[in-house]
Amino acid sequence: MLEAAATDSKRSCARGGQAGSRSHPRAMDPISQMVRIMMWRLGGDIRDGTNQWAPFASQEEWGLVVWLMKNVGQTSMDEFLKLPAVIDALPTGPNWECEIVTAPGDQCGEDGEIVGEDMELWYRDPVECIKELLSNPAFKDSISYVPEHVYTSSDSDDRIYDEMWTGDWWWDTQTKLPDGTAIAPLILASNKMQLSQFQGDKKAWPVYLTLGNISKEIRRCPSAHATVLLGYLPVPKLSCYSDATRSLAGYRLFHYCMGKILASLVEAGKTGVEMVCADSFVRLIYPILAAYVADYPEQCLVSCCMENRCLRCTVDPNDRGDPTPSPDRDVPSTLETFYAHEHGCEPEKFTNDGIRAIYEPFWCNLPHCNILLHKGFFKDHIVKWCTSLIGKDELDARFKAMSGYPGLRHFSKGISSISQWMGTEHREMQRVFLGVIAGSVDQDVLTVVRLQMQTSTTLAALKACLATFHRFKDVFIKYEIRKHFNIPKIHALLHYFASIQALGSNDGYNSESPEWLHIDFAKDAFCASNKKDYHEQMTLWLQRCEAMWQREAYITWLNAQQQAAAEQLGNTSNPNDPNDPNDPNDSDDSDDLDANDRANAYDTSGMALVSYRVAKAPPLRGVTAQRLIEHFGATKFIPALTSFLQQQQSYPLLPNMSNRFDLYKQIIITLPPNTFLSSQKIFNRIRTSPAVPPRGRKQGLPGVFDTALIIDDPMEYRSRSGLAGLRVAQVRVIFLLPPYFGAYPHPLAYVEWFTSLGAPDPQTGMYVINRSTRQHQPNGAVISTARIVRSCHLMGQFGNTITKGWTTDNVLERAKNFYLNPYIHVDTFTTVNIN
């Protein structure tokens with residue numbers, strides 16, 4: 001066995017140790033190497049002097065075409081520049097095919113003949129789509145071809161389940177294949193959706209394909225184009241069937257169409273296909289279906305079972321509320337049951353397992369296929385139950401009064417009025433839900449809800465949470481919210497352990513990604529059509545978009561090759577791009593944050609504490625001390641600055657009310673990558689913006705003064721982890737020290753302290769703090785921005801009933817006690833609870 005230390009930061013130990021990994025011994029070297037893969041795909045050579053923007057004349061013309069594709073309808077674009085001939089000359093993805101599928105029906109028409117229904121099935125060859133993804137050089141550093149067992153350290157037995165290649169399914173499946181081969185684990189996703197918004201019944205049923213070889217961080221990013229549209233399933237009315245048979249006919253039609261789409265995978269999964277990969281090597285690839293992402297009804301459709309049954313095991317419907325394991329469903333026995341039922345037998349297993357009479361499911365002939373399905377149950381049950389306990393109006397009022405945080409959605413009208421829930425809304429609710437219901441339900445209910453809020457990092461912790469849920473779930477029966485817990489999604493939690501062990505962490509398979517893909521692959525494509533015979537127009541529009549995306553990837557790759565060649569020749573000049581694509585500043589204010597305006601803060605020992613970014617120049621200049629008091633709420637600014645200057649012992653002048661100060665509106669704190677999230681750095685934005693009064697028809701804006709965790713004890717902060725040495729404060733002013741006071745290496749901040757962190761609240765598990773005062777006045781201080789570690793979110797303690805008059809704009813001023821919310825971000829949660 002090969003022992004190696006994993007260098008990827010995502011595979012490193014959560015506490016900073018070096019991870020160990022063991023690669024599968026049967027996944028050997030590739031067959032050969034294909035030189036200059038991008039040229040192989042697109043033709044040409046950078047050395048022949050060909051215009052890299054061809055067939056366009058220049059970079060400006062190329063930029064115009066990109067803009068037109070994104071912002072102008074297909075017909076208008078064709079008329080404007082007659083571009084189709086040019087765009088269609090670009091290399092594109094796999095071709096689209098259309099097949100007419102006929103549903104024979106069981107109803108007779110007026111002529112006495114059986115009525116049928118014809119429909120179009122649009123699809124592409126999945127093997128060609130896989131080749132397209134694997135050969136994309138943009139994914140070169142984000143692709144794995146070998147399954148691994150990854151550990152928290154080289155001498156530890158503690159497994160890390162992260163990417164798909166760290167799970168057991170890939171490892172076990174690799175053992176069944178010949179030596180020297182590689183697997184392309186297919187992840188499919190589908191979701192029926194409405195296209196027409198105000199009239200009509202236009203619908204689409206897109207099917208998406210991505211690969212487990214590609215890092216989930218890339219797969220989740222729509223702009224990376226790591227997921228391709230595989231086809232559009234027909235959405236017929238099936239009026240040619242009777243009411244009794246229409247539902248089953250729809251199920252069979254789905255499996256027939258999916259079987260047509262995936263037909264090429266049968267032979268490819270048995271013998272393998274040679275493919276050129278992103279690293280320019282040729283490998284023998286076995287494309288195998290591994291996972292299917294869908295909502296619960298569609299999962300039942302895929303697995304051929306009734307919606308009151310478990311998708312993974314044969315548990316009795318009346319026993320789903322108990323944490324009792326049952327035998328798993330398996331493909332061979334299910335197919336045997338199908339065969340027996342189709343040939344006139346009535347096997348007991350068919351009824352007991354809740355199987356539908358779909359005799360040829362699309363997965364029946366796919367090699368090594370044992371699909372795992374994914375979906376959660378937060379909104380459908382937990383929120384519904386808590387709403388029944390608290391009351392709709394009270395719950396809405398609490399969401400309306402939730403304090404702000406950069407990037408947090410404010411439910412200004414509550415949650416009861418939201419008719420369409422998507423993954424984004426679920427996630428935003430979960431970030432604050434425990435603080436919303438705290439105080440209005442008893443401790444047993446809070447214990448149950450905390451289960452849904454946590455992001456467990458080990459299977460042991462996840463099992464403990466599930467055991468806690470089952471131990472306390474009867475509280476909902478006590479309050480007459482539920483009569484039983486025979487709910488499929490609650491039972492499905494038992495299978496999360498096996499799912500994570502098989503395919504890695506579940507964040508790589510959430511249903512939010514297909515919802516984002518609907519925008520590009522369905523909604524925008526439909527809007528670009530004339531709404532008649534729209535599927536054909538949508539596929540043509542998408543093919544042109546793919547041509548543009550491929551050319552963009554080619555230009556990016558080409559520029560990288562030219563830069564590398566220049567550096568090899570000794571020309572290492574590489575000016576910074578002024579347009580930082582990872583700029584975390586999403587504010588609409590006038591701050592101009594630049595990549596060069598960074599600062600690393602050091603303590604007296606020279607150890608770096610934090611890294612931050614501010615604008616090139618303060619946008620608010622010459623602000624008087626009086627305005628700081630009146631508009632920024634910095635009531636103790638002058639005494640606090642006086643105390644700070646006296647402590648420095650090198651500033652002879654002291655401030656007074658006539659002094660003026662230059663202010664920043666925000667500061668960006670740069671945090672290191674979190675191994676539970678991604679390999680990218682994390683940016684925290686802390687805002688200090690005064691209220692803007694209304695002007696004419698424009699409404700005024702409330703002031704925003706965020707809270708942050710600040711170093712209170714540098715020695716304890718360096719020597720320990722988590723929240724040690726930190727204290728919460730509200731940041732009201734970020735300013736430069738005027739030069740007549742002397743020079744200071746960093747901007748300063750006026751903050752108002754909260755009380756120190758004690759023991760977590762036993763009911764909620766969150767820290768409870770309140771404002772610190774001196775002689776009944778705010779405890780203000782001026783500190784260096786070097787001490788600001790990260791932003792944090794405080795939630796007012798609402799109690800049994802929320803106080804009237806509390807709003808999102810004033811809750812930080814009016815509430816007496818606050819919860820320090822660890823669930824606002826996964827990075828915050830891991831810092832508070834794991835370190």
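Helices α6 (residues 168-175) and α21 (residues 496-503) pack against each other at an angle of about 55 degrees, with their axes 4 Å apart. They are therefore oblique to each other, given that angles under 35 degrees count as roughly parallel, over 145 as roughly antiparallel, 65 to 115 as roughly perpendicular and the rest as oblique. Axes here are lines fitted to C-alpha atoms, for helices over the stretch in contact, and angles run from 0 to 180 degrees between N-to-C directions. On the α6 side the contact is made by Asp 168, Trp 169 and Trp 170, and on the α21 side by Gln 501, Ala 502 and Leu 503; contact means heavy atoms within 4.5 Å.

A word on the ground rules: this is a predicted model, in which local features need pLDDT of at least 70 and side-chain atom pairs count only at pLDDT 80 or more, while totals for chains, interfaces and linings use all residues. Residues are numbered from 1 along each chain as its sequence is written, and side-chain values use heavy atoms, with hydrogens and water left out.

Taken as a whole, the chain comes to 28 helices and 32 strands. Of the 835 residues, 51% are buried, where buried means under 20% relative accessible area, exposed over 50%, and partly exposed in between (1.4 Å probe, protein chains only). Among contacts between residues at least 6 apart in sequence, 68% join residues at least 24 apart.

Next, the inside. The largest nonpolar core has 59 residues, and Met 258 and Phe 362 have the most contacts inside it. Such a core is a set of buried Ala, Val, Leu, Ile, Met, Phe, Trp, Tyr and Cys residues joined through side-chain atoms within 4.5 Å. Helix α8 (residues 243-261) gives the most to this core, with seven residues. Leaving out residues up to four places away in sequence, Met 258 touches Leu 188, Val 207, Leu 233, Tyr 292 and Phe 362. Another core, of 46 residues, lies apart from it, and Leu 408, Met 429, Phe 433 and Tyr 717 are among its members.

Then there is an open sheet of three strands, in the order β26-β32-β31 and with antiparallel pairing. Its edge strands, β26 (767-770) and β31 (794-796), each pair on one side only. Neighbouring strands are turned by 40 degrees against each other on average, direction ignored. Two strands pair if DSSP finds at least two bridges between them; β26 and β32 (residues 817-820) have four, in the antiparallel sense. Ile 769 stands opposite Phe 818 in β32.

Some loop residues deserve a look too. Most residues other than glycine have a negative phi. Ser 280, in the loop between β13 (273-276) and β14 (281-293), has a positive phi of about 75 degrees although it is not a glycine. Ser 280 is also buried, with a relative accessible area of 9%. Cys 304 has a positive phi as well, of about 65 degrees, and sits in the loop between α10 (296-303) and α11 (331-342). At 1% relative accessibility, Cys 304 counts as buried. Leu 90 belongs to the loop between α4 (84-87) and β4 (97-103) and is buried at 5% relative accessibility. The C-alpha atoms of Leu 90 and Arg 551 are separated by 7.7 Å, with the two residues 461 apart along the chain.

Technical notes
Helix = DSSP H or I, 4+ residues; strand = E, 2+ residues; numbered from the N terminus.
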